[in-house]
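Please look over one protein model with me.

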Amino acid sequence: MKGGKLIIFSAPSGSGKTTIVRHLLEKSDLNLAFSVSATSRPRRAKEKNGEHYYFMSISEFKNHIKSDDFLEWEEVYRDNFYGTLKSEIERLWAEGKNVIFDIDVAGGLRIKRKFPDVTLAVFVKPPSVDELKIRLKKRSTESEDKINMRIAKASVELATAPQFDKIIKNYDLDTALEEAYQLVADFVGGENGNGA
Ligand code: 5GP
């Protein structure tokens with residue numbers, strides 16, 4: 001597989017990485033396209049199949065694993081599988097796009113290892129684990145149980161931050177958005193980047 005660049009945003013759930021990724025997708029000079037992942041988790045009310053995720057059953061997901069269709073996949077939470085289909089990256093590279101990912105830390109680092117020369121891996125750091133809990137509760141897309149599961153995972157994920165190329169502290173959203181734009185522009189050579 002060959003083509004454009006890969007930009008990975010990884011972080012504990014609730015850190016604001018999805019907001020950052022959505023913001024970057026609006027910047028046309030970056031020429032980004034979102035890598036739509038496959039998942040076996042239930043669809044949330046506002047989510048659309050093929051836009052936010054390719055939603056599928058656990059058995060469908062496992063069939064894709066057997067067929068070696070994934071670039072990477074993880075059972076991020078119990079029975080909630082998430083993965084990047086090789087066909088998705090091939091499709092977006094064929095369109096001449098740089099591909100941006102919103103994926104968990106293990107998956108992000110795995111892609112970085114597979115494509116070290118064309119990948120920028122960014123870790124988004126929340127102010128604290130307590131703040132994460134507050135944000136997840138406010139978002140209210142998950143049950144209390146699931147929130148606790150995500151919080152427990154967050155501490156483990158935070159420890160992987162030094163393995164990423166760059167760390168963005170999301171303490172103030174506007175600052176984080178600007179910082180993220182500049183990092184990606186420098187990497188892909190956007191309007192305000194140096195293309196390094
Ligand atoms: P959510 O259920 O909140 O949409 O996502 C849960 C976690 O799974 C997030 O950290 C998200 O970034 C991650 N995730 C989404 N897609 C993928 C993927 O394709 N691979 C991996 N490894 N993680 C993913």
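Predicted model: local features only at pLDDT ≥ 70, side-chain atom pairs only at ≥ 80, totals over all residues.

Residues are numbered from 1 along each chain as its sequence is written, and side-chain values use heavy atoms, with hydrogens and water left out.

**Helix α7**

Helices (H or I, at least four residues) and strands (E, at least two) are DSSP runs, numbered from the N terminus. The table lists two helices.

| Helix | Residues |
|---|---|
| α2 | 58–66 |
| α7 | 173–188 |

Helix α7 has 16 residues. From first C-alpha to last, α7 reaches 22 Å, close to the 22 Å expected at 1.5 Å a residue. That expected span is 1.5 Å times one less than the number of residues. After α7 comes G189, with a positive phi near 80 degrees.

Which residues of α7 are buried? They are A176, L177, A180, Y181, L183, V184, A185, F187 and V188. Buried means under 20% relative accessible area, exposed over 50%, and partly exposed in between (1.4 Å probe, protein chains only). The cover over these residues includes β1 (6–10), α1 (17–25) and β8 (119–125).

**The cores**

A nonpolar core is a set of buried Ala, Val, Leu, Ile, Met, Phe, Trp, Tyr and Cys residues joined through side-chain atoms within 4.5 Å. The largest one has 24 residues. I7, F9, I20, L24, L30, I100 and V184 have the most contacts inside it. β1, α1, β2, β8 and α7 each supply at least two residues of this core. α7 gives the most, with 9 residues. Apart from this core lies another, of 18 residues, among them L6, A121, F123 and A161.

**α1 against α7**

Two packed helices are described by the angle between their axes and the distance between the axes. α1 and α7 pack at about 55 degrees, with axes 10 Å apart. Is α1 parallel or oblique to α7? That angle makes α1 oblique to α7. Angles under 35 degrees count as roughly parallel, over 145 as roughly antiparallel, 65 to 115 as roughly perpendicular and the rest as oblique. Axes are lines fitted to C-alpha atoms, for helices over the stretch in contact, and angles run from 0 to 180 degrees between N-to-C directions.

In contact (heavy atoms within 4.5 Å), T19, I20, H23 and L24 of α1 meet α7 residues including L173, A176 and V184.
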